[in-house]
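Here is a short briefing on one protein chain. Keep the sequence and the 3D view open while you read.

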Amino acid sequence: EIHAEVQLKNYGKFLEEYTSQLKRIEDALDDSVGDVWDFSLDPIALKLLPYEQSSLLELIKTENKVLNKVITVYAALCCEIKKLKYEAETKFYNGLLFYGEGATDSSVVEGDCQVQMGRFVSFLQELSCFVTRCYEVVVNVVHQLAVLYTSSK
């Protein structure tokens with residue numbers, strides 16, 4: 001009976017110490033959990049993205065050959081859309097946003113506007129080709145979705 005009481009007291013002491021230790025850990029973590037990356041305090045950040053070494057076709061392999069074809073088509077369209085989005089963001093957004101900026105009405109020399117517009121024509125031609133390509137991809141996506149939706153197979 002005395003031995004059981006000693007063990008019970010030791011167990012109670014252990015639980016109290018363990019509870020206080022957990023409380024200290026919780027308090028220490030509370031301060032850091034809400035921290036947000038701040039550019040002024042932390043000028044460097046790591047962006048860890050996994051590097052996929054297998055091709056899209058290797059990831060799509062299933063036993064059903066028809067399903068493989070359907071998934072391959074949609075995956076290729078998604079990749080094309082992602083590339084078009086990237087091209088729009090890197091190539092065309094800034095040109096469209098900043099065209100005509102930087103010059104004031106008083107500093108414009110006669111003919112500068114025409115020269116600036118002449119230089120912009122090639123950009124507009126590339127943009128026209130890009131918009132045509134986007135249109136073709138969207139039409140293809142709609143056609144693929146329509147075929148998948150109406151197909152009875």
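How many salt bridges does the count come to? The count comes to 4 salt bridges. The model is predicted, and every value below is computed from it. The protein chain has 4 helices and 0 strands. The points below start with the overall layout, then take up charged pairs, rings, core and surface.

**Overall layout**

- Along the sequence, the protein chain reads α-α-α-α.
- The protein chain has 153 residues, and buried residues make up 8% of them.
- Take the contacts in the protein chain with a separation of 6 or more: residues 24 or more positions apart account for 62% of these.
- The protein chain exposes about 13,900 Å². Carbon and sulfur atoms supply 62% of that area.

- Arg133 and Glu80 meet through their side chains in a salt bridge, at 3.1 Å from N to O. Arg133 lies in helix α4 and Glu80 in helix α3, so this pair ties together parts that are 53 residues apart in sequence.
- Arg133 counts as partly exposed at 35% relative accessibility. Glu80 counts as partly exposed at 23%.
- Glu126 forms a salt bridge with Lys91, and their closest N and O atoms are 3.1 Å apart. This pair also links distant parts of the chain. Glu126 sits in helix α4 and Lys91 in helix α3, 35 residues apart.
- Glu126 is partly exposed at 37% relative accessibility. Lys91 is partly exposed at 40%.

- The side chains of Glu136 and Arg133 meet in a salt bridge, at 3.5 Å from N to O.
- Glu136 and Arg133 both lie in helix α4. They are 3 residues apart, about one turn of the helix.
- Glu136 is partly exposed, with a relative accessible area of 42%.
- Shared partners join Glu80, Arg133 and Glu136 into one network of salt bridges.

**Aromatic rings**

- The structure holds 4 aromatic pairs. In one of them, the ring centres of Phe120 and Phe123 are 5.0 Å apart and the planes are at 25 degrees, so the pair is stacked. The cut-off for stacked is under 30 degrees.
- Phe120 and Phe123 both lie in helix α4 (residues 112-150). They are 3 residues apart, about one turn of the helix.
- Phe120 counts as buried at 13% relative accessibility. Phe123 counts as buried at 15%. Buried means under 20%.
- Ring pairs link Phe92, Phe120, Phe123 and Phe130 into a cluster.

**Nonpolar core**

- In soluble globular proteins, nonpolar side chains tend to be buried together.
- Which residues make up the largest nonpolar core? It has 8 residues: Leu84, Ala88, Phe92, Phe120, Phe123, Leu127, Phe130 and Val137.
- Helices α3 and α4 are the elements that give two or more residues to this core. The largest share, 5 residues, comes from α4.
- The core includes Phe92, Phe120, Phe123 and Phe130, which ring pairs link into a cluster.
- Val137 is in contact with Glu80, Ile81 and Leu84, leaving aside its neighbours within four places in sequence. Of these, Leu84 is listed in the core, and Glu80 takes part in the salt bridge with Arg133.

- Is Asn68 buried or exposed? Asn68 is buried, with a relative accessible area of 18%.
- Asn68 has its place in helix α3 (residues 65-98).
- Apart from its neighbours within four places in sequence, Asn68 is in contact with Ile60, Lys61 and Thr62.

**Nonpolar surface patch**

- Tyr11, Phe14, Leu15, Tyr18, Leu22, Ile25 and Leu29 form a nonpolar patch on the surface. Together they have about 680 Å² of accessible area.
- Leu22 is partly exposed, with a relative accessible area of 41%.

Terms used
Residues numbered from 1 in each chain as written. Predicted model: local features only at pLDDT ≥ 70, side-chain atom pairs only at ≥ 80, totals over all residues. Heavy atoms only, no water. Phe/Tyr/Trp six-rings, centres within 6.5 Å; stacked < 30°, edge-to-face > 60°. Buried < 20%, exposed > 50% of the residue type's maximum accessible area, 1.4 Å probe, protein only. Patch = residues over 30% accessible without salt bridge, like charges linked within 9 Å, V, L, I, M, F, W, Y side chains within 5 Å. Areas by Shrake-Rupley, 256 points an atom, 1.4 Å probe, with all protein chains shown as cover. Contact = heavy atoms within 4.5 Å. Core = buried A, V, L, I, M, F, W, Y, C linked by side-chain atoms within 4.5 Å.
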